[in-house]
Amino acid sequence: MTDWSPSSWKTKPIAQDVEYPDQQHLSRRLHTWLTSLCRVLSKIQTLPPLVTPSEIERLRYKIGLVQRNEAFLLHAGDCAESFDACTHENISSKIGLILSFSLILIWGARLPVVRIGRIAGQYAKPRSSPYEKLGDRQLLSFRGDNVNGLDPNDRTPDPERLLKAYFHSTTTLNYLRGLLNSGFASLHHPRDWSLTHVRSASLRSEFEGIVNGLSDALDFSRTIGMDSLPPFERGGGLGALGEVDFFTSHEGLMLEYEQSLTRNFPSAPKKDWYNTSAHFIWIGDRTRQLNGAHVEYFRGIRNPIGIKVGPTMKDQELVDLLNIVNPDKEFGRIILITRYGAGKVEDHLPTHIAAVQQSGHPVAWICDPMHGNTKTSSTGLKTRHFGTIISELVSCIRIHSTCNSKLGGVSLEFTGELNDEGFSVTECVGGSMELSEEELGLRYQSFCDPRLNFEQALDLAFLVSNYFKKERLGEKWDQEDVDLLFAELGGKSSKKV
């Protein structure tokens, strides 16, 4: 690592770089923009870190547990955060949904859940093209709130948005930590997370069953003197039932920003460079070039990192990439997030698993059943079908089992966001509520990719939980279970998955 520095990525070609419309001629406007960028980055370099080395080391330890099949990883949140959505209602509902999802998983799998939110920094998005057509106008693509605006008249990249991203991340983290330290995550009050939002009678019944079972267990514990009132309710600490580890993440796309928050701490557990913008950052499927700037940057930071693995990834390319970013094959370092699409997972996942197994690299395999399954609806809105999402997830579970591997987690785009009337968003079709394409426009609130709503997310949580429960009890998860699952959760296909 002697040839690495936080800025060595600048010697490599960079993908998904932000383009400025006047770049072909060095105008005064471009000079002003570059001057502003340097000033903003210099300011960010002096601001406090968002996360600490000890928190990052704790996440590395927990990812090591996932790699050893001793924990399950839930990576979830918005496709892209917006500055306007940084409200206490949205943050509370997002965390409540993640806590509800993880409780369902824990109840079925009897495994600890490592919770990583796509939160407090997921403001940038890669795009397939730097430009888009809107009517007869060609505009720069919207790249996320830390680059430019969604409004067609606000597409010029603005460096000041990076500074706004830092402060919105800080505000989100501050409220998040306060929320979790106030007893919000306590297992004594799980109804506070979900039931007021869930409108499906079957989902409410299933979740109530878990809550009632949990209440009985806690009541039994109190009876035999193992636990009385929640400690925070008697003026003490939160205790084991009130505490929860929660980690933040985003795609490490804007390398200037990431470099500005890359710090070396003499007092840290390891004398390495830490990216302090988040606990966990990942390389996207569009920025994983072996000789590229993003891989160069990621190989030098101490944080655990994710790598998106899509259908264009070659087997040897994946191994070569692992050799670059984790040459010492350290545990707790690498999460592979597969995102093939339901129709391609069979063609690619088995050979990717075999290549990694042969290489000896320790990784956590995580399924992203969202990004490979986006389509345009008949109404012109981007959407995803819940049945297709299930299909890719179930295929991943089965393929890992067949290949003597194990799915270690899921990466999802979902939201607990509600409108003013208290209704969930309508962005993905299907699920137990059987949302149709005609209903997408009712509450379509995402400015990027479509997200599962509260009910659909819990549908999926019960899918994963029921699978691991059967596995834990030594029962076979067969085609009949899959058919029943599709019928219950709004999937119209009973094809073998």
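Guide: Helices, of at least four residues, and strands, of at least two, are DSSP runs numbered from the N terminus. The model is a predicted one.

Visitor: Where does Gln16 lie?
Guide: Phi of Gln16 is near 60 degrees, a positive value in a residue other than glycine. Helix H1 covers residues 28-46. Gln16 belongs to the segment before helix H1.

Visitor: How many helices and strands does the chain have?
Guide: The chain has 497 residues, and 58% of them count as buried. Its secondary structure comes to twelve helices and 14 strands.

Visitor: What share of the contacts with a separation of 6 or more comes from residues 24 or more positions apart?
Guide: A contact needs heavy atoms within 4.5 Å. For pairs with a separation of 6 or more, residues 24 or more positions apart account for 75%.

Visitor: What part of the accessible surface belongs to carbon and sulfur atoms?
Guide: The accessible surface of the chain is about 20700 Å². Carbon and sulfur atoms hold 50%.

Visitor: Which residues touch the most other members of the largest nonpolar core?
Guide: In soluble globular proteins, nonpolar side chains tend to be buried together. Here the largest nonpolar core has 101 residues. Those touching the most other members are Ile95, Phe101, Ile307, Leu336 and Leu460.

Visitor: Which residues does Phe101 contact, leaving aside neighbours within four places in sequence?
Guide: Phe101 is one of the residues that touch the most other members of the largest core. Beyond its sequence neighbours within four places, its contacts are Leu74, Val410, Leu412, Phe414, Ala457, Leu458, Leu460 and Ala461.

Visitor: How many residues are in the other core, the one with Leu73 and Phe280?
Guide: This core lies apart from the largest one. Val114 and Ile116 are among its members too. Its count is 15 residues.

Visitor: Is Ser102 buried or exposed?
Guide: Ser102 sits in helix H3. Outside four places in sequence, Ser102 touches Leu74, Val113 and Arg115. Its relative accessible area is 1%, and the cut-off is under 20%, so Ser102 is buried.

Visitor: How far apart in space are Ser102 and Val114, C-alpha to C-alpha?
Guide: In sequence, Ser102 and Val114 are twelve residues apart. In space, their C-alpha atoms are separated by 8.5 Å.

Visitor: Is Ser92 buried or exposed?
Guide: Ser92 lies in helix H3, residues 88-109. Tyr175, Leu179 and Phe184 touch Ser92, with residues up to four places away not counted. The relative accessible area of Ser92 is 18%, under the 20% cut-off, so Ser92 is buried.

Visitor: Which element gives the most to the lining of the largest cavity?
Guide: The largest cavity has a volume of about 120 Å³. Of its 14 lining residues, Asp78, Glu81, Ala85, Asn90 and Lys94 lie nearest the centre. Four lining residues come from the top contributor, H3.

Visitor: Which elements give two or more residues to the lining of the largest pocket?
Guide: The largest pocket has a volume of about 770 Å³. Among its 31 lining residues, Pro126, Arg127, Arg286, Lys382 and Asp449 are closest to the centre. The elements giving two or more are strand S3 (131-134) and strand S13 (382-384).

Visitor: How many charged residues are in the lining of the largest pocket?
Guide: Eight lining residues are nonpolar and ten are polar. The charged residues number 13.

Visitor: Is Asn404 buried or exposed?
Guide: Asn404 is in the loop between helix H10 (386-402) and strand S14 (409-413). Phi of Asn404 is near 60 degrees, a positive value in a residue other than glycine. Its relative accessible area is 71%, over the 50% cut-off, so Asn404 is exposed.

How values were computed:
Residues numbered from 1 in each chain as written. Predicted model: local features only at pLDDT ≥ 70, side-chain atom pairs only at ≥ 80, totals over all residues. Heavy atoms only, no water. 1 Å grid on protein atoms, 1.4 Å probe; cavity = no way out; pocket = protein on both sides within 12 Å on 5 of 7 lines; lining within 4 Å. Points joined across faces, edges and corners; volume = space filled by probe spheres on them. Nonpolar A, V, L, I, M, F, W, Y, C, P; charged D, E, K, R; others polar. Buried < 20%, exposed > 50% of the residue type's maximum accessible area, 1.4 Å probe, protein only. Areas by Shrake-Rupley, 256 points an atom, 1.4 Å probe, with all protein chains shown as cover. Core = buried A, V, L, I, M, F, W, Y, C linked by side-chain atoms within 4.5 Å.
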